[in-house]
Amino acid sequence: MLINILISVGILVLVAVLAALLLAVAEHYLQVNDDNELHVDKIEFYLPSYNCGACGHVNCKEVAKAIVDGKIKDVSVCKVITEDNARLIREYCKENNIEIK
């Protein structure tokens with residue numbers, strides 16, 4: 001009886017390990033690296049995350065997308081951003097060939 005339980009547990013562990021390996025391999029080979037999405041996330045990080053709408057966009061993520069897409073050319077569209085964060089966004093955009101003032 002004990003041997004049957006140990007065999008069952010061993011099989012379940014083996015299946016779990018194989019499934020984990022399969023997921024790891026699939027993530028590695030099927031991962032989509034969208035540079036635009038990486039840029040949006042980085043720019044959004046520097047925005048204040050108030051989602052206040054004072055800029056005319058629904059939230060800060062939409063502002064970041066608009067910057068990356070070239071629809072916003074001036075980071076000062078955000079009314080509450082600190083000058084330091086605006087400078088960081090400008091530097092990031094310059095390093096990554098995203099046009100902005």
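1. The model is predicted. The points that follow should be read with that in mind.

2. Nonpolar core. The largest nonpolar core holds 20 residues, and those touching the most other members are Ile43, Leu47, Ile67, Val75, Ile81, Ile89 and Cys93. The most comes from α3, with six residues. As general background, nonpolar side chains in soluble globular proteins tend to be buried together.

3. Valine 75. This residue is one of the core members with the most contacts to other members. Leaving aside residues up to four places away in sequence, valine 75 touches Ile67, Ile81, Ala86, Ile89, Arg90, Ile100 and Lys101.

4. Helices α2 and α4. Two packed helices are described by the angle and the distance between their axes. For α2 and α4, the axes come within 9 Å and cross at roughly 160°. The angle is over 145 degrees, so α2 is roughly antiparallel to α4. Their crossing is right-handed. On the α2 side the contact is made by Leu38, His39, Lys42, Ile43 and Tyr46, and on the α4 side by Asn85, Leu88, Ile89, Tyr92 and Cys93. Sorted by class, the contact of α2 with α4 has seven nonpolar, two polar and one charged residues.

5. Helices α2 and α3. Here the axes come within 8 Å, with a crossing angle of roughly 125°. The two helices, α2 and α3, are therefore oblique to each other. The crossing of α2 past α3 is right-handed. From α2, the residues Asn36, Glu37, His39, Val40, Asp41, Ile43 and Glu44 meet Cys60, Lys61, Ala64, Lys65, Ile67 and Val68 of α3. By class, the contact of α2 with α3 has six nonpolar, two polar and five charged residues.

6. Histidine 39. Not counting residues up to four places away in sequence, histidine 39 touches Val68, Tyr92, Asn96 and Ile98. Histidine 39 takes part in the contact of α2 with α4 and also in that of α2 with α3.

7. Asparagine 85. This residue lies in helix α4 and is partly exposed, with a relative accessible area of 24%. Asparagine 85 is among the α4 residues that make the contact with α2. The C-alpha atoms of asparagine 85 and valine 75 are separated by 9.6 Å, and these residues are 10 residues apart along the chain.

8. Positive phi values. Most residues other than glycine have a negative phi. Serine 49 has a positive phi, near 60°, and asparagine 51 has a positive phi, near 50°. Which loop holds serine 49? Serine 49 lies in the loop between α2 and α3, and asparagine 51 has its place in the loop between α2 and α3 as well. Serine 49 is partly exposed, with a relative accessible area of 47%. Asparagine 51 is partly exposed, at 42% relative accessible area.

Definitions and conventions: Residues are numbered from 1 along each chain as its sequence is written. This is a predicted model: local features need pLDDT of at least 70, side-chain atom pairs count only at pLDDT 80 or more; totals for chains, interfaces and linings use all residues. Side-chain values use heavy atoms; hydrogens and water are left out. A nonpolar core is a set of buried Ala, Val, Leu, Ile, Met, Phe, Trp, Tyr and Cys residues joined through side-chain atoms within 4.5 Å. Buried means under 20% relative accessible area, exposed over 50%, partly exposed in between (1.4 Å probe, protein chains only). Helices (H or I, at least four residues) and strands (E, at least two) are DSSP runs, numbered from the N terminus. Contact means heavy atoms within 4.5 Å. Axes are lines fitted to C-alpha atoms, for helices over the stretch in contact, and angles run from 0 to 180 degrees between N-to-C directions. Angles under 35 degrees count as roughly parallel, over 145 as roughly antiparallel, 65 to 115 as roughly perpendicular and the rest as oblique. A crossing is left-handed if the near helix is turned anticlockwise from the far one by less than a right angle, and right-handed if clockwise. Ala, Val, Leu, Ile, Met, Phe, Trp, Tyr, Cys and Pro count as nonpolar, Asp, Glu, Lys and Arg as charged, and the others, Gly among them, as polar.
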